[in-house]
Protein chains: 2
Amino acid sequence: MMQFKKVTIIGVGLIGGSIGLAIKKRVPAVEVTGVFRRPSTLRKALKYKAIDKGTMSLAEGVRDADLIVLAAPVHTIVATAREAIKHAKKGVVITDAGSTKAWIVGKIEKVLSGNSSIRFVGSHPMAGSEHAGVEFARKDLLDGAPCIVTKTANTNKRALERVIDFWKALGAKVIILSPSGHDRSVSLVSHLPHIVAFGLAGAVPSKQLVYAAEGYKDTTRVASSDPELWADIFLTNRKEIAKACREFERYYKAILKSISGNDYRGTVRLLKAAKSNRDKLVYAK
Amino acid sequence: MMQFKKVTIIGVGLIGGSIGLAIKKRVPAVEVTGVFRRPSTLRKALKYKAIDKGTMSLAEGVRDADLIVLAAPVHTIVATAREAIKHAKKGVVITDAGSTKAWIVGKIEKVLSGNSSIRFVGSHPMAGSEHAGVEFARKDLLDGAPCIVTKTANTNKRALERVIDFWKALGAKVIILSPSGHDRSVSLVSHLPHIVAFGLAGAVPSKQLVYAAEGYKDTTRVASSDPELWADIFLTNRKEIAKACREFERYYKAILKSISGNDYRGTVRLLKAAKSNRDKLVYAK
């Protein structure tokens with residue numbers, strides 16, 4: 001059950017907007033405030049009813065909040081948290097929606113060290129699309145989506161429970177992980193596929209696209225994602241990404257080697273093992 | 001306009017079955033015969049109305065045909081063509097639906113050299129899905145799909161025109177290419193994305209799949225495809241695949257290098273160029 005009465009979302013784009021819409025649909029009594037950098041985005045968020053009210057002043061926006069959700073781009077989250085902490089009331093819980101966790105959680109816990117009246121719990125709702133902006137937000141985007149909530153030696157148990165209840169109230173399936181466990185997992189299931197998709201889309205000359213069918217379309221779909229948002233995510237998870245990419249390259253090169261060696265049985269064996277992994281996902285959902 | 005009265009399809013799976021269904025929908029007067037290796041597949045094809053009649057005898061199946069479509073797995077196409085040529089009537093046109101062309105067209109033209117009463121024109125209807133079998137065939141699978149028809153120094157003009165008209169009558173968008181031009185294009189827009197998807201699906205441990213969202217799902221969808229069918233395709237297009245993979249690796253490694261070097265602007269630049277390529281596809285369709 002949602003235990004917050006006033007939620008402030010900083011950064012009301014695809015994810016922040018979908019959080020707002022989900023709150024308004026599922027727990028309409030909760031008041032949702034949005035904090036914006038641009039008046040045009042504020043107007044859009046009000047038009048799409050993703051928030052009850054909006055402000056361009058972070059200080060004003062966070063003042064009465066019980067829960068602050070940092071849904072701004074990854075590289076701005078720590079600075080935004082620092083500002084929010086200055087103006088938030090005692091007892092507030094802060095969480096985020098950033099796609100990397102060790103870097104964000106480590107920095108914010110450092111800012112808060114010695115401060116026992118404000119609690120931070122890292123989150124990563126794993127939903128989204130290749131689109132950006134509140135106009136693509138959906139009230140059911142989090143419905144059934146995995147949401148990783150991080151736990152560290154510094155995490156306050158009560159705050160952790162309240163953040164878990166928050167995401168559950170919005171329909172997400174909560175999984176608790178350490179920040180580095182999170183970063184390892186998402187490097188494999190999210191960052192790596194994005195890098196590969198960008199690599200494919202960048203390598204195939206556009207004059208060849210006339211021959212492209214559904215296979216190319218699906219495999220590269222996420223390469224239509226926001227370059228700045230993803231550069232940001234990639235750069236804050238460099239170590240795990242390097243490891244994940246090495247694992248991909250090992251398998252990819254084994255396939256290539258068996259193809260170039262005209263090894264039918266070896267190729268089939270590698271493709272079968274890959275298909276068997278992929279098919280687990282089909283049946284899991 | 002379709003100029004054939006009797007069409008025989010050898011291999012009535014996803015593609016062969018979709019060709020049969022499209023003929024029956026768009027030019028119902030044309031008689032469609034299917035040639036099968038297994039009685040169970042013959043019964044299924046009749047049940048799904050993908051053919052008018054079926055036979056297990058290739059000799060019998062091709063005897064009266066004006067057009068023979070070789071829709072069997074790539075590595076069996078040349079041997080099947082050889083058999084069909086023995087039993088086909090004079091004036092017949094033969095085409096295929098194989099995913100590689102230089103190997104198939106080269107071999108079949110060799111078989112036919114000196115024979116002027118039977119004409120072969122290579123085709124590749126670029127449609128499909130990760131599923132196999134006539135039960136997944138659809139009468140609209142070819143609708144709007146690109147279909148490459150190959151032209152060589154040996155191609156008979158009249159036969160080429162008739163094959164082009166055949167695919168157009170089924171709703172496909174015909175593109176004429178040399179066999180090697182075809183192999184180069186599909187190595188980039190089809191074979192490479194499949195290899196990369198198999199590489200991803202093989203590399204990500206299945207215990208991580210609980211964290212997988214839409215990005216992973218789309219990027220790896222084609223890794224659920226038939227391993228034998230794709231091993232077959234890959235092995236008959238080895239040279240072009242090696243080239244396409246080198247182009248992919250160049251871009252992918254450039255992205256990785258800018259990430260590991262913590263180069264935000266360089267990463268954004270590469271991702272932007274990739275996105276701009278991919279977005280052309282969105283607007284082209």
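Which side chains meet in a salt bridge with a separation of 2.3 Å, N to O? In this predicted model, select B:Arg221 and A:Asp218, whose side chains form that bridge. The pair crosses between chains: B:Arg221 lies in the loop between helix 8 (214–220) and helix 9 of chain B, and A:Asp218 belongs to helix 8 (residues 214–220) of chain A. Both B:Arg221 and A:Asp218 are buried.

B:Pro227 counts as buried, because its relative accessibility is 7%, under the 20% limit. Display its surroundings: beyond neighbours within four places in sequence, B:Pro227 is in contact with A:Val268, A:Leu271, A:Lys272 and A:Lys275.

Now select A:Glu249 in helix 10 (residues 238–260) of chain A. This residue is buried yet has no salt bridge. The nearest side chain of opposite charge, A:Lys253, is 4.5 Å away, whereas a salt bridge requires a nitrogen within 4 Å of a carboxyl oxygen. With neighbours within four places in sequence set aside, A:Glu249 contacts B:Tyr252 and B:Leu256.

Remain in helix 10 of chain A and select A:Lys243 and A:Glu240, which are separated by about one helical turn because they are 3 residues apart. A salt bridge joins A:Lys243 to A:Glu240, with the closest N and O atoms 3.4 Å apart. A:Lys243 is partly exposed, at a relative accessible area of 32%, whereas A:Glu240 counts as buried at 13%. Elsewhere, salt bridges that share partners join A:Lys6, A:Glu31 and A:Lys53 into one network.

A further stop in chain A is the salt bridge between the side chains of A:Asp96 and A:Lys101, at 2.9 Å, N to O. Both A:Asp96 and A:Lys101 are buried. A search of the whole structure finds 28 salt bridges over all chains.

Turn to chain B and select helix 5 (residues 102–112) together with helix 7 (residues 179–203); their axes come within 8 Å and cross at roughly 160 degrees. Helix 5 of chain B is therefore roughly antiparallel to helix 7 of chain B. The contact is made by B:Ala102, B:Trp103 and B:Val105 of helix 5 and by B:Pro179, B:Ser180 and B:Asp183 of helix 7. These residues divide into 4 nonpolar, 1 polar and 1 charged.

Finish at B:Ile51, in the loop between helix 2 (39–47) and strand 3 (53–55) of chain B. B:Ile51 is buried, with a relative accessible area of 6%. Not counting residues up to four places away in sequence, B:Ile51 touches several residues, including B:Val12, B:Val32, B:Phe36 and B:Leu46.

Note on methods. Residues are numbered from 1 along each chain as its sequence is written. Chains are lettered from A and ligands numbered from 1 in the order in which they are written. This is a predicted model: local features need pLDDT of at least 70, side-chain atom pairs count only at pLDDT 80 or more; totals for chains, interfaces and linings use all residues. Side-chain values use heavy atoms; hydrogens and water are left out. Helices (H or I, at least four residues) and strands (E, at least two) are DSSP runs, numbered from the N terminus. Buried means under 20% relative accessible area, exposed over 50%, partly exposed in between (1.4 Å probe, protein chains only). Contact means heavy atoms within 4.5 Å. Axes are lines fitted to C-alpha atoms, for helices over the stretch in contact, and angles run from 0 to 180 degrees between N-to-C directions. Angles under 35 degrees count as roughly parallel, over 145 as roughly antiparallel, 65 to 115 as roughly perpendicular and the rest as oblique. Ala, Val, Leu, Ile, Met, Phe, Trp, Tyr, Cys and Pro count as nonpolar, Asp, Glu, Lys and Arg as charged, and the others, Gly among them, as polar. Lys and Arg count as positive and Asp and Glu as negative; His and the chain ends are not counted.
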